[in-house]
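I opened this notebook page to record what I looked up in the structure.

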Amino acid sequence: MQIGIVGLGRMGGNIAVRLTRHGHDVVLFDRDPAAVTKTHDRAEKGRAQSTSSVEDLVSKISADRKIVWVMLPAGDITEACVQQLKGLLGKDDIVIDGGNSYYKDDVRRSHVLAEKGIHYVDVGTSGGVWGLERGYCMMYGGTKDSTDHIDPILKALAPGKGDVVRTTGRDKPGLDPRAEEGYLHCGPAGSGHFVKMVHNGIEYGMMQAFAEGFDVMKSKNSNVLPEDQRFDLNMADIAEVWRRGSVVSSWLLDLTADALAKNESLSEFSGEVADSGEGRWTIEAAIEESVPVPVMTASLFTRFRSRSGNNYAEKVLSAMRFGFGGHVEKK
């Protein structure tokens, strides 16, 4: 299939390249011409076209149903691009927002685009800078017609079944087989980003638990403790042994182990931990639903506190964020 991609940052560029590796053609635009050139050069030969504007990108999509994937920061930038595409696309064309937009914006945009018969699909995309090789876990919302049409694109981006042990009971009726491939149609527009939003809220809590645990262990050699209760523990070795058969083994732990093996003090990280919005939105949704989420709330507030003084726990958080998403914290 042919697809236009607007926004060629860390994830957008890798998405474009992965699609060309799976036999799809991409039309590329980014406001930074160097990003367009870089992505074009990394793509499979003959499968990428460079453009100089959104208008140019749309004009070079030759498919009967034009598909444009928007991979831009949530907020005004994405909003402006979607509104621009509304004026350039026509009936049955498809706009995909693969960023981290607020799900209520997705619902509104889907109604606005539907006025012209344009379909809107929101794709919550997880995989960070590793997605090019590992594939992306995707949760998406939109009409059945539009999501069925772009299924070959999503299947190419997804990780596939791989060597993950199959969950017992997945054969029963009513379960979507695409979930085992790493992508899932969650429902109408907005539902994909809603599920991804909660995913990121859970991620906040998991990261915070790891960070606090390593901080407790790192501090066990403190001179405020009785001398016979002080332990000089090796963080890198502990992270490594937990990766081997422990019930807390996970990709987040893998990233932590990698960072600690390189530098146990994590001195290259400031520990000033940013939040990208999804944690806040998850808590807002929980308030609307009267659902208690104390762990996620506490983890978000800890990120706020980290910006006015931080400790080893926040450096562990920074290391994990850099590991999965290439997020660089302020020094």
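**Domains**

I began with the contacts across the two domains: 13 residues of domain 1 are in contact with nine residues of domain 2, where contact means heavy atoms within 4.5 Å. I noted the division of the protein into domain 1 (2-189) and domain 2 (196-313); such bounds come from an automatic or database domain assignment. Taken over C-alpha atoms, the centres of domain 1 and domain 2 are separated by 31 Å.

**Basis of the entries**

I worked from a predicted model, in which local features need pLDDT of at least 70 and side-chain atom pairs count only at pLDDT 80 or more, while totals for chains, interfaces and linings use all residues. Residues are numbered from 1 along each chain as its sequence is written, and side-chain values use heavy atoms, with hydrogens and water left out.

**Ala48**

I located Ala48 in strand S3 (residues 48-50). Helices (H or I, at least four residues) and strands (E, at least two) are DSSP runs, numbered from the N terminus. Is Ala48 buried or exposed? I recorded Ala48 as buried because its relative accessible area is 14%; buried means under 20%, exposed over 50% and partly exposed in between, with a 1.4 Å probe and protein chains only. Leaving aside neighbours within four places in sequence, I found Ala48 in contact with Val26, Leu28, His40 and Ala43. Ala48 and Gly4 are 44 residues apart along the chain, and their C-alpha atoms are separated by 9.6 Å.

**Gln208**

I then turned to Gln208, which lies in helix H9 (residues 191-218). Gln208 has 6% relative accessibility and therefore counts as buried. Which residues does Gln208 touch, not counting those up to four places away in sequence? I listed Ser299, Thr302 and Leu317 as touching Gln208.

I placed Ile283 in helix H12 (residues 278-289). Ile283 is buried, as its relative accessible area is 11%. Not counting residues up to four places away in sequence, Ile283 touches Val293, Met296, Thr297 and Leu300. I also noted that Ile283 and Val198 are 85 residues apart in sequence but 8.8 Å apart in space, C-alpha to C-alpha.

Ser290 lies in the loop between H12 and helix H13 (294-306). I recorded Ser290 as exposed, with a relative accessible area of 65%. Although Ser290 is not a glycine, it has a positive phi of about 55 degrees. Most residues other than glycine have a negative phi.

**Asp92**

Asp92 sits in the loop between helix H4 (76-88) and strand S5 (94-97). Its relative accessibility of 29% makes Asp92 partly exposed.

**Whole chain**

I counted 14 helices and eight strands in the protein. Why does the radius of gyration agree with that of a compact globule? With 331 residues, such a globule would have a value near 20 Å, and the protein has 22 Å, which agrees; the radius is taken over C-alpha atoms, and the globule rule is 2.2 Å times the number of residues to the power 0.38. The C-alpha trace spans about 75 × 45 × 40 Å along its principal axes. Finally, I noted that buried residues make up 50% of the 331 residues.
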